[in-house]
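The following briefing sets out the architecture of a protein chain for computational work. Please read it alongside the sequence and the coordinates.

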Amino acid sequence: MKYLLTLLFGFFFIQSWAILPDPIQIFYSDSFNIHRAQLHDNDYEHRALAESYQEQAQIAMSYYPELKGIDIEFVRKDIKTTMAARPAMDFIFRKKENRKYKIFIDTSVKNEKGLLLSDVPFNAQVGIIGHELAHVVDYEEKSAVGVVFTGIGYLFHPYRKKLERKVDEITIAHGLGHQVMEFSSYVLNESNVSEKYKKYKRKIYYKPKQLNTLMSGYSIY
Ligand SMILES: [Zn+2]
C-alpha cells in the first residue's frame, strides 16, 4: 500500500511539473513558433485579445497549464497601471470552478506616467502577462471571501507588497523569471517613466536583483 501511494504520488508530481516548458532567457516574436512546436500543443487560447499581443499571451499561458479551460478575458481599459487581473464581478454568486477572470490592459498613460503594454519589449510583455496569470493562480486558491479580503487588503501598501511579491514568486516558479525581470528593469531604467512611479515600483515590487536571487533558488534556471 505504502509503495503504491509513493508510486501514485510520484506519478502525479512528475505529471504536474513535466508539462511546464523550460525557462527561456529571451523570447522574440519570431521565436514564438519554435516554442509552440516544442510544446506539441495548440491549446492555449483566450478571449478577446488584440492581434498584436496574441503571441505574447500564448507564450505566457503555456507556462500555466493549470489555467487551461479557465475563462480569462483580456479587456482594454483606462486603468492606473500597465495591467491588472481581477475575477469578473459576479464571482460572489458563482461556484469557484465557474469563476471568470478579466485581465485589463491600460489604454492611456496620464498623470501617473507609467507604461503601456505596447511600450515594453516583447520579452517583457510576456513577463507582465505571466505576472497577471500568476494573479489568477493566486485567486484560484482563494474562496469568494478570500477574494473580497484581497480586494480590501490591496488598498494598503504592506498587503499589496506582500501579494505582489508572492505573485512574482509564482511567476518565477512557473519558469517566466527572465521575462518578469526584464519587465522590472525596463520600468526602473526607462527614462519616460516618472521618478514617482519608479519609487512606487521599487517600494512594492521585487527589484531585478532580488528577482535574480530568487531565480537562483530554482534548479530550472
Ligand atoms: Zn501584480
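The axes of helix H6 (residues 157-173) and helix H9 (residues 208-215) come within 10 Å and cross at roughly 50 degrees; axes are lines fitted to C-alpha atoms, for helices over the stretch in contact, and angles run from 0 to 180 degrees between N-to-C directions. This is a predicted model, in which local features need pLDDT of at least 70 and side-chain atom pairs count only at pLDDT 80 or more, while totals for chains, interfaces and linings use all residues. Residues are numbered from 1 along each chain as its sequence is written. Helices (H or I, at least four residues) and strands (E, at least two) are DSSP runs, numbered from the N terminus.

**Contact of H6 with H9**

- H6 and H9 are therefore oblique to each other, given that angles under 35 degrees count as roughly parallel, over 145 as roughly antiparallel, 65 to 115 as roughly perpendicular and the rest as oblique.
- H6 passes H9 in a right-handed crossing; a crossing is right-handed if the near helix is turned clockwise from the far one by less than a right angle, and left-handed if anticlockwise.
- Asp168, Glu169 and Ile172 in H6 meet Leu211, Leu214 and Met215 in H9, two residues being in contact if their C-beta atoms, placed from the backbone, lie within 7 Å.
- The residues of this contact divide into four nonpolar, no polar and two charged; Ala, Val, Leu, Ile, Met, Phe, Trp, Tyr, Cys and Pro count as nonpolar, Asp, Glu, Lys and Arg as charged, and the others, Gly among them, as polar.

**Contact of H4 with H7**

- The axes of helix H4 and helix H7 (residues 177-189) come within 7 Å, crossing at roughly 105 degrees.
- H4 and H7 are therefore roughly perpendicular to each other.
- On the H4 side the contact includes Asn123, Ala124, Val126 and His131, and on the H7 side Gln179, Val180, Glu182, Phe183 and Tyr186 take part.
- By class, the contact of H4 with H7 has six nonpolar, five polar and one charged residues.

**The sheet**

- Three strands form an open sheet in the order S1-S3-S2, with mixed pairing; two strands pair if DSSP finds at least two bridges between them.
- Strand S1 (71-77) and strand S2 (83-87) are the edge strands, each pairing on one side only.
- From one strand to the next, the twist averages 25 degrees.
- Helix H4 (residues 122-140) packs on the sheet and touches S1, S2 and S3; the direction of H4 makes about 20 degrees with that of S2.
- S1 and strand S3 (residues 100-106) run parallel and are joined by seven bridges.
- Within this pairing, Asp71 stands opposite Lys100 in S3, and Val75 has Phe104 as its bridge partner in S3.
- S2 and S3 run antiparallel and are joined by five bridges; Met83 is partnered by Ile105 in S3, and Pro87 by Tyr101.
- Side chains in a regular strand alternate between the two faces of the sheet.
- In S2, Met83, Ala85 and Pro87 make up the covered face, whereas Ala84 and Arg86 make up the uncovered one.

**The chain as a whole**

- The protein chain contains nine helices and three strands, which run α-α-α-β-β-β-α-α-α-α-α-α from the N terminus on.
- Of the 221 residues, 30% count as buried; a residue is buried if 20 or more other C-beta atoms, placed from the backbone, lie within 10 Å of its own, exposed if 12 or fewer, and partly exposed in between.
- Among contacts with a separation of 6 or more, 76% are accounted for by residues 24 or more positions apart.
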